[in-house]
Amino acid sequence: MAVPARPQEPGLYLVATPIGNLGDITLRALETLAGADVLACEDTRVTRVLLDRYGIQNRPYAYHEHNADEVGPRLLAALEAGKSVALVSDAGTPLVSDPGYRLAQSAIEAGYRVIPIPGASAPLAALVGSGLPNDAFLFAGFLPTKDKARRDRLSEFAATPATLMFFESPHRIGAALIAAADVLGGDRPASVCRELTKSYEEFRRGTLAELAAHYADVDNVKGEIVLVIGPAPARAVEEADIDAILADLSQTLPTAKAAAEAARITGLPRKELYQRLLDRKAGDGR
């Protein structure tokens, strides 16, 4: 297949590319990649595979987090000169957990057109394939790598009435599921979505506790992963009940852990409960 290189109007084009299956590319995306004056990508080797598949001769230039300070101004200069600049990531939609955000923000501030070319997106593919509610959802990127920071981050979403989505690496998925089960509750429904659109695509569904137990026994997990977790259940907790829960937990747990456990039980924000515990201790003169 050969794609005609039609000239593009000046502006920054954010072009979504396949997340695994090279057939998941739109005709508009192909025309943009072929006709852009400048083609910037995360990794030229990865993008070259896509371009070769469709007979596109445009030469890609690397733009990533390690050279953004150097290459970003060059791309903005091309926009200033009235050229069309296409930006792609290795896979999926640019600006989703990659440094393209800085370039798009600078282009907008400078008054240049920014044109999204929609297409493949790992979070959305995972969401619709997970079987979990999709009327309200929140994508939160990568979880922190250290356990305490990971648990603190999860606790911020304990009461969020929306399906949660996180990127996760295969060697950390087990620890992430254990933390999520502890912080959000083991009975929360979830789905581990692995290798989306690829030959070994897998949706493993169950409760957080079930998934944590499964991955505790699996060695050498491979592939890119999106972790999808169902929304927090609606809970009506009386003020007196909250105070009783906090009083009970604070007798045996440090303040931070008591707040985290109370957040899991009540579905209320951990920070709010932590402050209530501090206020209680201040009022008791401790």
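Reader: In this predicted model, at what angle do helix H6 (residues 147-156) and helix H7 (residues 173-184) pack?
Author: Helices and strands are DSSP runs numbered from the N terminus (H or I, at least four residues, for helices; E, at least two, for strands). Axes are lines fitted to C-alpha atoms, for helices over the stretch in contact, and angles run from 0 to 180 degrees between N-to-C directions. The axes of H6 and H7 lie 9 Å apart, and the packing angle is about 45°.

Reader: How is H6 oriented to H7?
Author: Angles under 35 degrees count as roughly parallel, over 145 as roughly antiparallel, 65 to 115 as roughly perpendicular and the rest as oblique. With an angle of about 45°, H6 is therefore placed relative to H7 as oblique.

Reader: What pLDDT do local features need?
Author: Residues are numbered from 1 along each chain as its sequence is written, and side-chain values use heavy atoms, with hydrogens and water left out. The model is predicted: side-chain atom pairs count only at pLDDT 80 or more, totals for chains, interfaces and linings use all residues, and local features need pLDDT of at least 70.

Reader: Which residues of H7 meet H6?
Author: Contact means heavy atoms within 4.5 Å. On the H6 side the residues are Asp147, Arg150, Arg151, Leu154 and Ser155. Their partners in H7 are Ala175, Ala176, Ile178, Ala179, Ala180, Asp182, Val183 and Leu184.

Reader: How many charged residues are in the contact of H6 with H7?
Author: Ala, Val, Leu, Ile, Met, Phe, Trp, Tyr, Cys and Pro count as nonpolar, Asp, Glu, Lys and Arg as charged, and the others, Gly among them, as polar. In the contact of H6 with H7, eight residues are nonpolar and one is polar, and the number of charged residues is four.

Reader: Is the crossing of H10 and H11 left-handed or right-handed?
Author: The axes of helix H10 (residues 255-266) and helix H11 (residues 270-283) come within 8 Å and cross at roughly 130°. H10 and H11 are therefore oblique to each other. A crossing is left-handed if the near helix is turned anticlockwise from the far one by less than a right angle, and right-handed if clockwise. The crossing of H10 and H11 is right-handed.

Reader: Which residues of H11 make the contact with H10?
Author: H10 contributes Thr255, Ala256, Ala258, Ala259, Ala260, Ala262, Ala263 and Thr266. The residues of the contact divide into ten nonpolar, two polar and two charged. H11 contributes Arg270, Leu273, Tyr274, Leu277, Leu278 and Lys281.

Reader: Which strands are the edges of the parallel sheet?
Author: Two strands pair if DSSP finds at least two bridges between them. Five strands form this open sheet in the order E3-E2-E4-E1-E5, with parallel pairing. Each edge strand pairs on one side only, and the edges are strand E3 (60-62) and strand E5 (114-117).

Reader: Which residue in E5 stands opposite tyrosine 13?
Author: Strand E1 (residues 11-15) runs parallel to E5 and is joined to E5 by four bridges. Opposite tyrosine 13 stands isoleucine 115.

Reader: What angle does helix H2 (residues 44-53) make with E3?
Author: H2 packs on the sheet and touches E2, E3 and E4. The direction of H2 and that of E3 make about 160°.

Reader: Which residue is the bridge partner of phenylalanine 137 in E7?
Author: A second open sheet of five strands has the order E6-E7-E10-E8-E9 and mixed pairing. Its edge strands are strand E6 (137-142) and strand E9 (202-207). E6 and strand E7 (residues 163-168) pair in the parallel sense over four bridges. The partner of phenylalanine 137 is threonine 163.

Reader: At what angle does helix H8 (residues 208-216) run to E9?
Author: Helix H5 (residues 122-130) lies across E6, E7, strand E8 (189-194), E9 and strand E10 (225-229), at about 55° to E9. H8 lies across E8, E9 and E10, and its angle to E9 is about 125°.

Reader: What separates aspartate 52 and arginine 48 in helix H2?
Author: A salt bridge is a side-chain nitrogen of Lys or Arg within 4 Å of a carboxyl oxygen of Asp or Glu, and the structure holds 16 salt bridges. One of them joins the side chains of aspartate 52 and arginine 48 (3.1 Å, N to O). Because these two residues are four apart in H2, their separation is about one helical turn.
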